[in-house]
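Please look over the chain below. The report that follows takes up helix packing, then an annotated site, then some selected residues.

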Amino acid sequence: MRSDADTVLALLTAPWTTHAVHTALRIGVFDILDEGPRTTGDIAHRTRTHAPSLERLLRLLTATHLVTPHPDGHALAPAARLLTRAHPHSLAPLARLYALPAITSAWQHLEHTIRTGHAAFPHANGAPVYPYLHATPDDAAVFDTAMAAASHTAATRLATDHDFTTARTLTDVGGGNGRFLATLMAHHPHLSGTLTDRADVLARLDPAMDRLVAQGRARTRPADFFTDAAPPADVYTLSRVLHNWDDADAARILTRIRSTMPAHARLLVVERLLSPDSTLSIAHDLHMMAITGGRERTRDQYAALCTRAHLDLAHVLHLDAGFCALVAVPAQAH
Ligand SMILES: C[S@@+](CC[C@H](N)C(=O)[O-])C[C@H]1O[C@@H](n2cnc3c(N)ncnc32)[C@H](O)[C@@H]1O
């Protein structure tokens with residue numbers, strides 16, 4: 001049986017494992033093993049690293065079930081495929097984001113958030129997250145790619161599980177680099193799409209979105225979702241935006257979208273629902289609190305936000321990886 005000391009020490013040393021995984025990712029261990037089993041010597045040669053030290057790193061990756069022993073050396077365990085570049089639902093971009101000094105330093109200042117109720121990110125980095133990204137293009141590129149990776153699985157499920165047949169036009173609000181919208185449009189060739197976000201984000205489009213723009217199926221519109229009207233559409237999507245903001249700002253964003261929604265339109269809000277059964281959702285809630293000052297919410301909390309914006313939460317569609325699509329329609333009385 002696990003002792004109390006084991007439980008506490010496992011928590012205290014968890015960041016060491018995280019650093020080890022980031023290091024393996026950075027030097028290319030997962031991509032090399034994705035080609036097939038390799039000896040430590042092979043990997044050390046390819047990655048130009050110190051073989052005895054690499055062997056000890058591989059031992060931790062084996063203990064954490066990312067690598068398995070193999071007669072030819074080491075093999076990639078199934079979960080670690082998500083840390084390779086080639087996997088269609090790769091989480092490697094997210095690993096790069098979480099390892100950025102700007103993010104780790106915010107977590108180091110979590111006490112500031114707990115004491116003051118204000119996000120730690122500005123305290124640690126001198127500016128709120130979006131102005132910081134605007135001024136730091138290298139980090140912004142990592143951020144955009146990571147956001148797209150984080151929501152790609154949800155986009156794929158939404159594309160197959162939600163009925164888009166009656167829609168012709170789609171507006172993705174705060175859509176980042178457009179990978180989310182491009183995924184929906186790839187599954188539904190009859191749709192034309194509008195991607196809105198901050199101008200500097202739209203300058204770094206995902207290649208799939210770039211192609212849709214070149215084909216004339218999609219267009220981009222720089223817009224501030226607090227002040228600019230969202231281009232009217234049959235379906236609006238708002239993926240992982242509301243959790244960045246407190247209730248007052250989230251209600252403002254919804255109200256802006258509602259103001260241009262035709263009566264027949266619907267809004268698909270993609271978020272991870274806060275649940276006592278999901279440690280991941282609770283950890284993400286803390287992450288949002290520290291980084292943006294936002295929060296994860298329960299279904300009822302999203303329903304209340306919708307009501308403030310004269311929207312009705314019609315139903316909730318469960319997607320992969322703990323994500324949901326909350327389907328909101330204009331409230332009957334409006
Ligand atoms: C967490 S990311 C989600 C991106 C994308 N929807 C997805 O699911 O991958 C939040 C997005 O909101 C955008 N954003 C932040 N403030 C904004 C504003 N005032 N107006 C428009 N977009 C904004 C960011 O640039 C970013 O792309």
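## Helix packing and buried sites

The crossing of H3 and H4 is right-handed. A crossing is right-handed if the near helix is turned clockwise from the far one by less than a right angle, and left-handed if anticlockwise. This is a predicted model: local features need pLDDT of at least 70, side-chain atom pairs count only at pLDDT 80 or more, and totals for chains, interfaces and linings use all residues. Residues are numbered from 1 along each chain as its sequence is written.

**Helix pairs.** Two packed helices are described by the angle between their axes and the distance between the axes. Axes are lines fitted to C-alpha atoms, for helices over the stretch in contact, and angles run from 0 to 180 degrees between N-to-C directions. Helices are DSSP runs of H or I with at least four residues, strands are E runs of at least two, and both are numbered from the N terminus.

| Pair | Angle | Axes | Handedness |
|---|---|---|---|
| H3 (residues 40–47) and H4 (residues 51–63) | about 115° | 9 Å apart | right-handed |
| H1 (residues 4–27) and H4 | roughly 115° | within 10 Å | left-handed |

H3 and H4 are therefore roughly perpendicular to each other; that class covers 65 to 115 degrees, with under 35 roughly parallel, over 145 roughly antiparallel and the rest oblique. Where do H3 and H4 meet? Thr40, Gly41, Ile43 and Ala44 of H3 face Ala51, Leu54, Glu55 and Leu58 of H4. H1 brings Thr17, Ala20, Thr23 and Ala24 to Leu57, Leu60 and Leu61 of H4. Contact here requires C-beta atoms, placed from the backbone, within 7 Å.

**Whole chain.** There are 16 helices and nine strands. The C-alpha trace spans about 70 × 50 × 40 Å along its principal axes. Of the contacts between residues at least 6 apart in sequence, 63% join residues at least 24 apart. Buried residues make up 38% of the chain. Buried means 20 or more other C-beta atoms within 10 Å, exposed means 12 or fewer, and partly exposed lies in between.

**Annotated site.** An unreviewed UniProt entry places "domain: O-methyltransferase C-terminal" at residues 107–309. Such annotations may be inferred rather than shown by experiment. This stretch is 52% helix and 14% strand, and its end C-alpha atoms are 33 Å apart. The unreviewed entry also places an "active site" at His243. His243 lies in the loop between strand S6 (235–239) and helix H14 (247–260). Is His243 buried or exposed? His243 counts as buried because 21 C-beta neighbours lie inside 10 Å. Beyond four places in sequence, His243 contacts Glu271, Met288, Gly294, Arg295 and Glu296.

Leu212 sits in helix H13 (residues 207–214). Leu212 has 24 C-beta neighbours inside 10 Å, so Leu212 is buried. Outside four places in sequence, Leu212 touches Ala182, Met185, Gly193, Arg217 and Ala218. The C-alpha atoms of Leu212 and Leu54 are separated by 43 Å.

Ala328 belongs to strand S9 (residues 323–330). Ala328 is buried, with 28 other C-beta atoms within 10 Å. His315 is 13 residues from Ala328 in sequence and 7.4 Å away, C-alpha to C-alpha.

Note on methods
Two residues are in contact if their C-beta atoms, placed from the backbone, lie within 7 Å.
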